[in-house]
Amino acid sequence: MEEEVCGKWMPRARTTCARRPLHLGECRTAKALADTRARKTARRVGKTLFTPEAKARWNRRYNLKRYGLTEDDFERMLVEQDYACAMCSEPFSDAEVIYIDHDHNCCPDEKSSCGRCVRGLLNRRCNIAVGYIERYDELARVYLGKAKTPLPRRSEGLRVVAS
């Protein structure tokens with residue numbers, strides 16, 4: 001399928017315009033369009049639009065914004081916690097991801113917060129533990145309330161039968 005072109009005759013170039021119909025700006029030959037494209041591509045060779053450091057800065061700023069925090073708030077929390085997890089007090093390493101803990105009863109969205117309900121900064125292990133405690137606390141209390149007496153051991157007559 002051939003792409004539609006303007007087709008307007010260009011007497012000095014002795015050819016027709018190669019741009020799309022109803023284009024804005026002046027008419028151009030196919031060669032002129034190819035030359036411009038090649039020139040722009042040559043300028044971009046070896047250049048990236050962002051560096052890994054810039055991407056890390058953007059990601060951090062985005063994540064802080066989702067939790068209603070600024071860079072200063074985050075740094076203040078780190079200093080208050082002595083650069084350690086708020087739950088287990090284990091120091092954060094340089095490459096470690098720091099999780100922002102917030103009260104899910106205040107803000108039901110799991111990945112964002114209003115900023116007023118942020119409780120602290122956690123490492124991965126403690127963040128997972130807090131998540132389980134919040135989700136399954138009531139279930140565990142019900143189970144522990146029903147399980148008053150331990151089950152008899154195998155030597156006491158309980159036989160396990162595979163089905």
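Predicted model: local features only at pLDDT ≥ 70, side-chain atom pairs only at ≥ 80, totals over all residues.

**Entry 1: a pair within one helix.** With that settled, I looked up Arg 76 and Glu 80, whose side chains meet in a salt bridge at 3.3 Å, N to O. How far apart are Arg 76 and Glu 80 in helix α3? They are four residues apart there, so about one helical turn separates them. I noted the general rule alongside: an α-helix has 3.6 residues a turn, so residues three or four places apart point the same way. I then checked the cover on each partner. Arg 76 is partly exposed, with a relative accessible area of 41%, whereas Glu 80 has 55% and is exposed, because exposed means over 50%.

**Entry 2: a pair from α4 to a loop.** Next I looked up Arg 125 and Glu 90, which form a salt bridge at 3.2 Å, N to O. Arg 125 sits in helix α4 (residues 124-146) and Glu 90 in the loop between α3 and β3 (99-102), so the pair ties together parts that are 35 residues apart in sequence. At 51% relative accessibility Arg 125 counts as exposed, and Glu 90, at 37%, is partly exposed.

Entry 3: I went on to Glu 71 and Arg 60, where the side chains meet in a salt bridge at 3.7 Å, N to O. This pair links distant parts of the chain, with Glu 71 in helix α3 (residues 71-80) and Arg 60 in helix α2 (residues 52-66), 11 residues apart. Both partners are partly exposed: Glu 71 has 31% relative accessibility and Arg 60 has 33%. How many salt bridges did I count with a nitrogen-to-oxygen cut-off of 4 Å? The count comes to 10.

**Entry 4: the positive patch.** Which residues gather in a patch of positive charge on the surface? I wrote down Arg 39, Lys 40, Arg 43, Arg 44 and Lys 47. I picked out Arg 43, which lies in helix α1 (residues 30-44) and counts as exposed at 55% relative accessibility. While there I checked the helix itself: α1 has 15 residues and reaches 22 Å from its first C-alpha to its last, close to the 21 Å expected at 1.5 Å a residue. Just after α1, I found Gly 46 with a positive phi of about 80 degrees.

Entry 5: Tyr 136 is found in helix α4 and counts as partly exposed at 42% relative accessibility.

**Entry 6: the whole chain.** Last, I stepped back to the overall layout. The secondary structure comes to four helices and four strands, and from the N terminus on the elements run β-β-α-α-α-β-β-α. What share of the 163 residues counts as buried? I noted 19% for the chain.

Key
Residues numbered from 1 in each chain as written. Heavy atoms only, no water. Patch = residues over 30% accessible without salt bridge, like charges linked within 9 Å, V, L, I, M, F, W, Y side chains within 5 Å. Areas by Shrake-Rupley, 256 points an atom, 1.4 Å probe, with all protein chains shown as cover. Lys, Arg positive; Asp, Glu negative; His and termini not counted. Charge placed at Lys NZ, Arg CZ, Asp CG, Glu CD. Helix = DSSP H or I, 4+ residues; strand = E, 2+ residues; numbered from the N terminus. Buried < 20%, exposed > 50% of the residue type's maximum accessible area, 1.4 Å probe, protein only. Expected span 1.5 Å × (residues − 1).
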